[in-house]
Amino acid sequence: MKNYDDLMARKNEIMKTAVGIDYDEFELEGIAFDYERMMRDTGYSIEELREIQEEFFVGDTPILELYNLTELARKYAKPGYGARIMIKDEATNPSGSFKARRASIAVHQAKKLGYKGITSATSGNYGAGVASLAAKAGLDCIVVQETFDSEHVGQPEIVEKARACEAYGAEVMQLTVGPELFFMFLDILEKTGFFNASLYTPFGIAGVETLGYEISMQMREKYGKDPEAVVITNAGGGNLTGTARGLIKAGATDTKIIAASVDLSGLHMASDHDFNRKSFTTGHTGFGIPFCTNPDRSDVPRSAARPLRYIDEYYTIRQGEVFYMTELLANLEGLERGPAGNTSLAVAFKLAQTMKEDEIIVVQETEYTGAGKHINPQLSFARDRGIELFFGNPDDEVPGKNIILPEDPGMIDIKKLDLMGIKASYMRNILRQKDGADFSDVELNYLSEDLKLTAEEVNELIKKVKEG
Amino acid sequence: MIKKDTWVRIHSIALQPEERAANIPDDSKKVPLEFWTKGYLQADAEVGDEVEVLTKAGRLVKGTLVEVNPQYQLDYGKLVPELLRIGEDARRILREGK
């Protein structure tokens with residue numbers, strides 16, 4: 001494995017073979033590409049997606065109204081306030097999470113194009129999703145995950161994901177910490193000729209569109225309206241992008257798209273030391289922010305996950321508050337789930353207090369839990385690594401040093417992120433690529449769509465960032 | 001002696017510290033990038049030997065034999081007593097108010 005640079009230089013060529021998409025076709029000029037055409041030409045319609053997912057028994061998950069949690073939130077709200085909190089029980093998908101939706105389309109595509117196997121670089125639920133549906137489709141499967149620190153200590157949640165993938169007959173290659181995982185992944189793709197079930201292809205995103213679409217359909221059928229807000233845990237941006245697109249396709253254009261991430265600021269994602277000091281393996285700011293400010297940092301030339309196109313508001317929440325919420329969900333609603341969906345649930349609990357009683361806020365996912373993933377092993381593991389755990393004020397939480405459980409449910413609080421600041425970081429990345437050159441009209445139009453800003457706002461932002 | 005076709009776990013170094021990517025934190029750069037996978041042993045061997053395995057996905061991979069019939073090392077951890085209070089508090093608030 002001495003040919004790191006050689007292999008990396010062949011990246012685009014390998015990816016083209018491994019996903020069956022010629023991304024050059026969608027390039028416009030300069031920094032711009034035709035996102036919607038890419039989604040249309042390589043993706044599937046909602047009807048086709050639903051048919052494929054029906055074959056895999058994916059989707060059509062129930063929406064559960066969390067009566068007790070809503071009542072609890074109302075204790076902390078002004079009279080007449082406290083929206084109805086509902087959760088889409090995505091844990092009921094095969095392999096136990098919404099990731100089955102993304103995997104179903106990738107597996108279908110791999111099968112259709114005649115690939116013998118499928119592979120994915122993921123430490124999360126997506127691996128289990130791909131492995132489970134590859135098993136059903138009769139495809140070989142390799143999952144490559146970042147599992148251990150240099151002391152060979154595995155993050156319990158990731159160790160559990162490996163077990164799940166192996167239960168579905170997949171090979172799991174486990175690595176120590178480092179972004180060179182991508183290099184190992186490219187090597188596997190080139191040598192096996194397997195399909196790359198990237199989370200960032202149009203297939204990986206289109207698969208989630210049904211989630212947003214179902215929310216709208218189910219809510220209209222049962223409550224006669226679309227929800228006022230949908231809260232989505234945000235990491236790589238695919239969950240958010242797909243759900244938002246699905247809601248839009250259903251015509252739910254007034255529903256607010258709320259992003260939620262666990263605050264892990266101060267911990268470096270590629271640091272060997274920090275690796276096992278994170279009690280969340282995804283849904284956190286370490287992925288959420290960089291994938292907003294530079295979506296094309298993913299494993300394909302053009303990422304189909306473009307969260308800034310859809311986010312209306314973005315909030316962070318702390319680790320201790322999400323753990324606390326996971327306990328509330330089990331103890332008040334009898335639902336042992338998470339941790340992933342409980343990030344957005346904790347945010348929804350607080351936001352509901354600011355919304356009227358007849359309004360509805362939907363948390364769009366749950367996930368399965370079990371040994372390793374459950375909050376007890378995660379907190380026990382953190383404590384063994386010297387991280388302090390205590391009841392107190394969540395404001396004092398320092399990621400990697402302590403985890404603070406709120407003294408009282410009323411102390412659950414959220415931080416609103418400055419979306420324009422995130423868009424400014426995105427713009428800084430783009431300006432670096434442009435290296436002083438002016439933007440064409442096509443590029444400006446692209447920026448306006450990619451940032452959900454008017455032409456005027458884009459020009460203002462460029463000016464502001466240039467002035468520093 | 002571990003017999004050919006036994007299910008084993010192997011370990012290998014993928015990149016030595018000096019071969020690692022430039023843009024990673026110093027603590028990660030000091031250590032090698034390592035990997036593990038599992039497969040059927042291709043010839044009789046002992047733990048610690050350099051071996052080749054056939055993985056579930058049909059790949060032949062070389063590495064050091066580290067574990068025979070590898071066991072999953074995961075559980076629910078030591079009890080975290082703080083968790084006991086959370087549900088109790090919430091139920092009391094629902095019953096009696098804040």
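1. Let's start with what chain A is built from: 19 helices and 13 strands. Keep in mind as you look around that this is a predicted model. The radius of gyration of chain A is 21 Å, close to the 23 Å that the globule rule gives for 468 residues, so chain A is as compact as a globular protein of that length.

2. Chain B has an average pLDDT of 96, and 100% of its residues score at least 70.

3. Next, find the open sheet of seven strands in chain A. Reading across, the order is E1-E2-E10-E7-E8-E9-E13, and the pairing is mixed. Strands E1 (63–65) and E13 (415–416) sit at the edges with a single partner strand each, so one side of each has no neighbour in the sheet.

4. Zoom in on one pair from that sheet. Strand E8 (residues 256–262) and strand E9 (residues 313–317) of chain A run in the parallel sense and are joined over five bridges. Here A:Ile258 stands opposite A:Glu313 of E9(A).

5. Now look for helix H10 (residues 202–223) of chain A. This helix lies across E1, E2 (84–88), E7 (229–233) and E10 (360–363) of chain A, and runs at about 140 degrees to E10(A).

6. H13 (residues 285–293) and H17 (residues 419–434) of chain A pack at an angle of about 55 degrees, with axes 8 Å apart. Angles of 65 to 115 degrees would count as roughly perpendicular and those under 35 as roughly parallel, so this pair is called oblique. H13(A) brings A:Ile289, A:Cys292 and A:Thr293 to the contact, while H17(A) brings A:Ile422, A:Ser425, A:Tyr426 and A:Asn429. Sorted by type, that's four nonpolar, three polar and no charged residues.

7. Which residues bring the two chains together? The contact takes 52 from chain A and 39 from chain B. On the chain A side, helix H16 (residues 375–384) gives the most, with six residues. That side divides into 26 nonpolar, 16 polar and ten charged residues.

8. One last thing to spot is a strand pairing between the chains. E5 (residues 171–176) of chain A and E2 (residues 33–41) of chain B pair in the antiparallel sense over two bridges. Look for A:Leu175, whose bridge partner in E2(B) is B:Phe35.

Technical notes:
Residues are numbered from 1 along each chain as its sequence is written. Chains are lettered from A and ligands numbered from 1 in the order in which they are written. This is a predicted model: local features need pLDDT of at least 70, side-chain atom pairs count only at pLDDT 80 or more; totals for chains, interfaces and linings use all residues. Axes are lines fitted to C-alpha atoms, for helices over the stretch in contact, and angles run from 0 to 180 degrees between N-to-C directions. Helices (H or I, at least four residues) and strands (E, at least two) are DSSP runs, numbered from the N terminus. Angles under 35 degrees count as roughly parallel, over 145 as roughly antiparallel, 65 to 115 as roughly perpendicular and the rest as oblique. Two residues are in contact if their C-beta atoms, placed from the backbone, lie within 7 Å. Ala, Val, Leu, Ile, Met, Phe, Trp, Tyr, Cys and Pro count as nonpolar, Asp, Glu, Lys and Arg as charged, and the others, Gly among them, as polar. pLDDT is the predictor's confidence in each residue, from 0 to 100. Two strands pair if DSSP finds at least two bridges between them. The radius of gyration is taken over C-alpha atoms; the globule rule is 2.2 Å times the number of residues to the power 0.38.
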